[in-house]
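This report describes the pockets of one protein model and the surroundings of its ligand. The sequence and structure are shown first.

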Amino acid sequence: MISQKMIDWGAQGCAIREIAAYGDRRAAEIGAENVFNFTIGSPSVEPPESVAETIRTLLSELPPQELHAYTPAPGLFEVRSRIAEYLNRSFGATYRPEDIFMTSGASSALAISCAALLSEGDELLTIAPCFSEYKIYAEAAGAKFVVVPSDPETFQVDLAAMERALSERTAAVLLNSPNNPSGAVFSRESLTAVARLLERKSGEYGHPIYLIADEPYRELVYGQREVSFLPAIYSDTVYCYSFSKSLSLPGERVGFLAVSPQAAEHDAVMAAINGAARALGYINVSSLFQRVVGACIGQTADLAVYEENRNYIYSALTELGYSCVRPDGAFYLFIRTPGEPGAFCSQAMSMDLLLIPGEEFYCPGYARLAYCVPKEKLERSVPVFRTLAQRFGLCR
Ligand code: PLP
């Protein structure tokens with residue numbers, strides 16, 4: 001029988017992609033310059049030149065049968081060694097190549113982690129606002145998806161609310177910092193408090209509660225903000241990373257997950273990760289791009305552009321009377337919307353200003369603006385934001 005669950009997920013689609021596709025259709029009708037498509041988190045800056053150079057070198061130096069061959073499911077040993085060395089050098093960790101599993105970006109790292117760590121009837125807990133796909137990964141694994149609101153003044157973790165939501169059924173907690181869509185970077189203090197809470201609850205319930213750290217935006221952080229390395233604070237962490245944003249390679253689908261050697265059930269977790277990847281049909285990550293990220297580990301695209309955009313759009317919109325928490329990382333601004341939830345985004349859409357409603361992130365009353373666009377696009381959108389602010393009574 002065709003799976004009703006899959007039909008429903010397919011039919012719902014992903015609102016972000018749907019509104020983005022609407023933007024493309026409008027661009028074909030009225031010209032791309034007349035559409036302010038701030039929907040999708042696709043990097044606007046080029047990958048560093050070393051990416052193209054590495055590809056050229058690989059193409060000229062390796063025989064094609066070797067370059068394009070299947071790789072072991074967890075990834076090429078030398079690439080995993082380079083990643084482990086990088087993490088150890090950067091964060092004082094002690095990963096070995098066998099603790100690293102190459103994945104098709106953070107999405108598949110998360111889907112694999114959920115399939116590996118969650119069983120029927122378990123709960124996956126996360127903090128709102130959050131990336132909408134988490135729910136699918138949890139429910140596909142037969143688990144219940146539990147969303148805990150963050151502190152609305154800061155979008156930091158609300159520890160008391162988290163404690164109330166934890167239960168014997170909680171198998172894992174998923175944290176994303178720098179956060180999509182709020183731009184919040186969770187403080188070391190609050191992550192340490194989360195770790196102590198999970199240690200206490202794991203003891204009380206008699207089973208480990210895993211942390212899944214979703215960190216595709218680790219390098220996109222502004223000012224002097226520190227992005228704490230969660231596995232150093234809590235050893236039962238599955239660290240999920242992606243090169244989509246840092247190297248501007250979202251279409252190439254490359255990332256990895258890492259399991260701390262100190263994790264209480266390390267061998268069982270690693271075995272479950274191998275099994276989950278197999279069950280989900282991940283044979284291996286692109287053999288070419290595994291080698292590319294292995295060679296370019298530690299480098300980034302020119303991310304300074306996003307900070308400039310953040311400064312510009314945050315100031316412009318707050319001057320117009322909009323209210324938003326100043327993002328410290330990622331490339332999104334989460335705007336508190338005036339009027340009924342949804343009304344602002346609909347009005348904006350009618351003016352070809354495309355934002356993603358907060359409902360998509362379990363946080364109604366907000367709209368997400370992705371500022372990974374050329375700055376002149378942001379500048380030209382300000383008059384539209386002004387008209388909307390006037391209509392909704394934010395300014396005259
Ligand atoms: N997690 C978060 C919070 C994201 O915003 C995204 C993509 O935008 C992903 C995971 C998935 O990224 P990818 O699969 O491209 O690495």
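A pocket is here an open set of grid points, on a 1 Å grid over the protein atoms alone, with protein on both sides within 12 Å along at least five of seven lines, and its lining residues are those with an atom within 4 Å of a point. The model examined is a predicted one.

**The largest pocket**

The largest pocket has a volume of about 630 Å³. Its lining comprises 28 residues, and those nearest the centre of the pocket are Arg17, Ser107, Phe131, Lys245 and Arg253. Three helices, α2 (15-30), α6 (105-117) and α7 (133-140), each contribute at least two residues to this lining. The largest share, four residues, is provided by α6. By class, the lining of the largest pocket consists of 12 nonpolar, 10 polar and six charged residues.

**The ligand**

| Residue | Ligand atom | Distance |
|---|---|---|
| Asn180 | oxygen | 2.7 Å |
| Asp214 | nitrogen | 2.6 Å |
| Arg253 | oxygen | 2.7 Å |

Taken alone, the ligand exposes 390 Å², and 92% of that is buried by the protein.

**The second largest pocket**

The second largest pocket holds about 320 Å³ of space. It is lined by 13 residues, with Trp9, Gln12, Gly13, Glu133 and Ile136 nearest its centre. Both α1 (4-12) and α7 supply at least two residues of this lining. Which helix gives the most to the lining of the second largest pocket? That helix is α7, with four residues. The lining of the second largest pocket contains five nonpolar, three polar and five charged residues. Helix α7 therefore takes part in both linings, since each receives at least two residues from α7 by the DSSP assignment of helices.

How values were computed. Residues are numbered from 1 along each chain as its sequence is written. This is a predicted model: local features need pLDDT of at least 70, side-chain atom pairs count only at pLDDT 80 or more; totals for chains, interfaces and linings use all residues. Side-chain values use heavy atoms; hydrogens and water are left out. On a 1 Å grid over the protein atoms alone, a cavity is a set of points where a 1.4 Å probe fits but cannot get out, and a pocket is an open set with protein on both sides within 12 Å along at least five of seven lines; lining residues have an atom within 4 Å of a point. Grid points are joined across faces, edges and corners, and a volume is the space filled by probe spheres set on the points. Ala, Val, Leu, Ile, Met, Phe, Trp, Tyr, Cys and Pro count as nonpolar, Asp, Glu, Lys and Arg as charged, and the others, Gly among them, as polar. A polar contact is a pair of N or O atoms within 3.5 Å; within protein, one must be able to donate a hydrogen and the other to accept it, and residues adjacent in sequence count only if both atoms are side-chain atoms. Accessible areas come from the Shrake-Rupley method with a 1.4 Å probe; for residues, only the protein chains shown count as cover.
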